[in-house]
Each structure stands twice: as C-alpha cells, then as structure tokens.
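Here are my notes after a pass through the model.

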Amino acid sequence: MEIKVTADLLDGLVLALLSKKDYYGYALTQDIQEALTISESTMYPVLRRLKKNGFVTTYDQPYQGRNRRYYQITAQGTEHLARIYKMWNDFKISLDQIFENKVIDKES
Amino acid sequence: MDKENYLTELAEYLAALTPEERADVLEFYREFIDDANLNDTKAIEQRLGNPKRLSRKILADFSIKEVEMQKENNANQKASLKANSNMILKVILALLATPAALVVLATVFVGLTFFGSIGIGIISLICVLVLVGIVCLYIGFSVLLANLMAGIFYLGLGLLVLGGLMMALVLLYWIIKGVVQFTAQLSQKVYQRLVKRSN
C-alpha cells in the first residue's frame with residue numbers, strides 16, 4: 001500500500017531540491033527517488049509544467065563533449081515553494097495530532 | 001546505436017507534440033540515458049519501458065495536466081470538445097500500456113459498437129427527415145400555381161421539417177459535447193486510479 005503523492009507535492013519537492021542548487025535531469029530524478037517511488041516518466045512532465053508556469057528556467061552546459069541541461073528555480077518558484085511547504089506543514093500537523101493521540105491511547 | 005534507435009522510435013510516437021516540445025522531451029531522455037549509463041536497448045527498456053509505453057505516459061500526462069490547467073484558468077468555461085476528445089484518446093492509449101489493456105480494449109470496443117449503432121440510427125433518421133423536407137418543398141412548389149392553399153401548405157410543412165431538423169442538430173451537438181465532457185472526466189479519474197498506481 002502506498003500513499004499517493006499529489007502533483008502539487010511533487011512540484012514542491014522538486015522546487016525544494018532546486019532551491020539548494022541547480023540540477024540536471026538525471027540527478028534530480030535520483031534524489032527524488034530517494035524519498036519517493038516515482039516512475040521515470042513522471043519527472044519530465046513535472047519539470048515541463050514548472051517551466052511553463054515560470055517557476056523554473058533551464059540553461060545548457062557542456063559536459064564531457066555532450067550537453068547537460070540544468071534546471072534552476074526562479075523567484076516565482078521560490079514563492080510557490082513557500083506556499084506548498086506551508087500547505088504540507090499544516091497538513092502534516094493536523095494529521096499528526098490525530099495519529100499521536102491514537103498512539104498515546106494504545107499505550108495507556 | 002541502441003540509444004539513437006530508442007530515441008528515434010520515441011520521437012515517432014510523440015508526433016502529436018509540437019516540434020519544440022518533442023525536442024525538449026527527447027533532449028531530456030537522451031541526457032537521462034547518458035547519465036544513467038544505459039548502454040543497450042535492454043538496459044534502456046528496463047529503466048524507461050519500451051518507447052511506445054513511455055510515449056503514452058508522457059502524452060497522457062500532457063493532456064491531463066492541460067485539461068486540469070484549463071479548468072483552473074477558466075473556472076466556468078468547460079474544456080473544449082477537441083481537448084476533451086484528445087484527452088480521452090490519450091488516456092485510452094496510456095491504459096493500453098498497463099496490464100488492464102485487454103479489459104480496456106473490450107470496453108472501448110463495446111462502447112464504440114454501442115455508440116456506433118446509435119449514431120447510424122440517428123444519421124438514417126436525419127437523412128429521412130431531410131428527404132421528407134425536400135419532397136414537401138418540391139410538392140409545394142409544383143402545386144403552388146395550380147392550388148395556392150395546397151402549395152403554401154406543403155411549402156410550410158417542408159420548411160417546418162427542415163427548420164426543426166436544424167434545431168435538433170444543434171441540440172444533438174450540445175448533447176454529444178456533454179457526453180464527451182462526462183467521458184473525459186470519467187477517464188481522467190480512471191487514469192489516476194489505474195495508471196498512476198502502476199508507477
């Protein structure tokens with residue numbers, strides 16, 4: 001059984017990683033996959049959507065004779081990240097209140 | 001080279017995208033394959049699936065997000081008939097890449113046969129009515145000089161039939177649009193349950 005990650009949360013996670021440093025596609029996928037099981041076909045649409053909304057830009061850099069496309073967060077992206085993080089945090093706190101009460105009941 | 005073969009095939013399946021979007025997707029996956037050191041077709045397909053499967057998932061995500069974004073941007077305006085029809089098609093294609101493919105295929109076949117028969121029935125009815133309308137107008141014109149009242153009667157009847165038919169066609173268009181909208185939303189939910197879970 002897996003908890004489904006919404007598109008918003010996924011956007012937020014990608015933006016959070018990008019807020020620390022610029023990433024190229026593969027490295028970003030690897031790091032996200034440390035936290036979540038997502039399919040290889042999920043990353044591209046997320047990045048495309050973020051770019052389309054102006055939250056992320058791209059630039060190219062040569063690497064070992066070929067190209068590497070880097071993704072970079074924008075100011076708008078940073079704002080959007082803050083919004084999503086707040087949403088997530090509120091959600092987390094509300095759920096934890098119920099879960100933690102339940103655990104305490106079981107122990108007593 | 002296996003990588004180029006894979007990407008060329010992927011490009012073919014992504015024909016529905018604009019050239020820029022397609023180039024972006026291919027660039028992303030070209031780099032991915034290089035960075036992940038996927039050296040042969042087997043390794044690539046193990047990681048990404050076969051080109052057809054990958055393309056279906058990418059296209060389905062494009063459509064779903066676009067229909068969702070359209071809904072967000074135009075809260076009251078419903079997604080156009082074309083966008084919805086496109087989305088339904090792409091969701092069906094994405095579903096065909098999942099294990100439930102046979103079920104989906106059977107459902108689509110039954111659905112098409114059902115709507116197909118209804119469609120044929122409606123088209124026949126429309127043809128008959130058009131014919132009736134035209135015949136009435138013809139009778140009306142030919143009788144007009146001999147018997148004014150009868151002529152006017154048939155002309156009126158012909159115009160009534162044809163006019164009513166035109167209104168009915170407009171209504172039919174609205175009904176079809178509504179049905180497609182409903183099916184689009186339904187298939188969106190099915191997609192979210194079945195395809196996303198198989199990730």
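1. Let's start with B:Ile122, which sits in helix H6 of chain B. Buried or exposed, or something in between? B:Ile122 comes out at 31% relative accessibility, so it counts as partly exposed; the buried class would need under 20% and the exposed class over 50%. Bear in mind throughout that this is a predicted model.

2. B:Ile122 also belongs to a nonpolar patch on the surface, along with B:Phe114, B:Phe115, B:Ile118, B:Leu171, B:Ile175 and B:Val179. Together they have about 640 Å² of accessible area. Which helices supply the patch? Helix H6 (101-144) and helix H7 (148-197) of chain B each give at least two residues, and H6(B) has the largest share, with four. As background, an α-helix has 3.6 residues a turn, so residues three or four places apart point the same way.

3. What does it touch? Leaving aside residues up to four places away in sequence, B:Phe32 is in contact with A:Tyr26, A:Thr29 and A:Glu40 from chain A, and with B:Arg47 and B:Leu48 from chain B. B:Phe32 and B:Leu48 are 16 residues apart in sequence, with their C-alpha atoms 9.9 Å apart.

4. Two of those contacts, A:Tyr26 and A:Thr29, lie in helix H2 (residues 25-35) of chain A, where they are buried along with A:Gly25, A:Ala27, A:Leu28 and A:Ile32. The buried residues of H2(A) pack against partners in both chains: H1 (7-20), E1 (23-24), H3 (40-52) and E3 (66-73) of chain A, plus H2 (19-35) and H3 (41-48) of chain B.

5. On to the largest nonpolar core, which has 44 residues. Which members touch the most others? They are A:Val14, A:Met43, B:Val25, B:Phe28, B:Tyr29 and B:Leu48. H2(B) makes the largest contribution to this core, six residues. Apart from it there is another core of 10 residues, including B:Met87, B:Val91, B:Leu95 and B:Val104.

6. A:Val14 is worth a click: with residues up to four places away in sequence not counted, it touches A:Leu28, A:Ile32, A:Met43, A:Val46, A:Leu47 and A:Leu50.

7. Last, the strands in chain A. E2 (residues 56-63) and E3(A) run antiparallel and are joined by eight bridges, with A:Asp60 opposite A:Arg69. The two strands form a hairpin with two residues between them, and A:Gln64 in the turn has a positive phi of about 50°.

Technical notes: Residues are numbered from 1 along each chain as its sequence is written. Chains are lettered from A and ligands numbered from 1 in the order in which they are written. This is a predicted model: local features need pLDDT of at least 70, side-chain atom pairs count only at pLDDT 80 or more; totals for chains, interfaces and linings use all residues. Side-chain values use heavy atoms; hydrogens and water are left out. Buried means under 20% relative accessible area, exposed over 50%, partly exposed in between (1.4 Å probe, protein chains only). Contact means heavy atoms within 4.5 Å. A nonpolar core is a set of buried Ala, Val, Leu, Ile, Met, Phe, Trp, Tyr and Cys residues joined through side-chain atoms within 4.5 Å. Patches are made of residues with over 30% relative accessible area and no salt bridge: like charges are joined within 9 Å, nonpolar side chains (Val, Leu, Ile, Met, Phe, Trp, Tyr) within 5 Å. Accessible areas come from the Shrake-Rupley method with a 1.4 Å probe; for residues, only the protein chains shown count as cover. A salt bridge is a side-chain nitrogen of Lys or Arg within 4 Å of a carboxyl oxygen of Asp or Glu. Two strands pair if DSSP finds at least two bridges between them.
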